[in-house]
Amino acid sequence: MTNIAFIPVRGGSKSIPLKNIKLLNGKPLVYWTAKAANDAQCIDKVVIATDNDDIRSVVKSFNLPKVSLYDRDAENASDTASTESVMLEYINKSNLNDEDNFFLIQATSPLLKSNHIEEMFVKLKSDNADSALSCVRNKRFYWSEDGRPLNYDYRARPRRQDFAGLMMENGACYINSIGNIKRDKNRLSGKISVYEMPEYTAVEIDEPDDFLLIEKLMEKHQND
């Protein structure tokens with residue numbers, strides 16, 4: 001059984017041109033998740049899938065021993081292509097066993113650390129689950145547009161410390177077997193294990209201001 005970390009990055013981001021290699025805390029954005037996956041003891045191989053020569057050149061400069069590049073098809077690097085499409089492209093073109101584990105890691109979640117990946121894999125196994133995703137605990141109160149509370153009773157508003165909240169995907173990491181992904185065409189399937197990450201990891205890189213915010217968070221939590 002092989003554990004493969006897969007990080008899809010494309011060059012065509014419209015909100016932030018070439019955001020995956022834009023510097024964050026002195027390193028290209030994709031470096032942080034590549035380093036986390038490379039340093040995770042449970043990961044055997046890290047594959048960075050890209051369609052862009054500049055990104056390829058930057059990734060090669062990392063000199064991370066587990067990291068290799070995969071040239072993704074242009075059709076699966078468009079604005080309308082799903083992440084599952086490039087996952088399946090890579091899986092279908094590679095000689096992988098159905099029992100191998102596929103860790104989908106998103107470069108836009110640079111607060112992911114190697115210990116998170118390791119703990120998530122341990123929890124997947126201890127839960128005897130088929131797949132797993134990373135989440136943060138969200139204690140916001142949600143309403144529908146027509147004025148209905150969705151996750152609490154406003155007539156008995158709970159204190160924050162007494163409110164369990166909801167688990168919210170933070171987009172950092174997903175785990176599934178190759179066989180499940182080929183069958184279900186999805187990053188998740190079967191019995192799903194939920195791994196809770198720290199609340200600050202809810203922030204993802206989508207807009208320019210996110211770089212400023214995450215740099216501050218990295219400085220604060222670098223030794224966590």
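Predicted model: local features only at pLDDT ≥ 70, side-chain atom pairs only at ≥ 80, totals over all residues.
Local features need pLDDT of at least 70 and side-chain atom pairs count only at pLDDT 80 or more, while totals for chains, interfaces and linings use all residues. Residues are numbered from 1 along each chain as its sequence is written, and side-chain values use heavy atoms, with hydrogens and water left out.

Start with the rings. Rings of Phe, Tyr and Trp (its six-membered ring) pair if their centres lie within 6.5 Å, with planes under 30 degrees apart called stacked, over 60 edge-to-face and the rest tilted. That rule gives ten aromatic pairs. One of them, Phe103 with Phe121, is tilted, at 5.5 Å centre to centre and 55° between the planes. This pair ties together distant parts of the chain, 18 residues apart: Phe103 belongs to strand 6 (residues 101-105) and Phe121 to helix 4 (residues 114-126). Helices (H or I, at least four residues) and strands (E, at least two) are DSSP runs, numbered from the N terminus. Phe103 is buried, at a relative accessible area of 0%, and Phe121 is buried too, at 7%; buried means under 20%, exposed over 50% and partly exposed in between (1.4 Å probe, protein chains only). Elsewhere, Phe141, Trp143, Tyr152, Tyr154 and Phe163 make up one aromatic cluster.

The charged end of Lys22 sits over the ring of Phe211, 5.2 Å from its centre, and that of Arg187 sits over the Tyr174 ring at 4.9 Å. The criterion is NZ of Lys or CZ of Arg within 6 Å of the ring centre and within 35 degrees of the ring normal.
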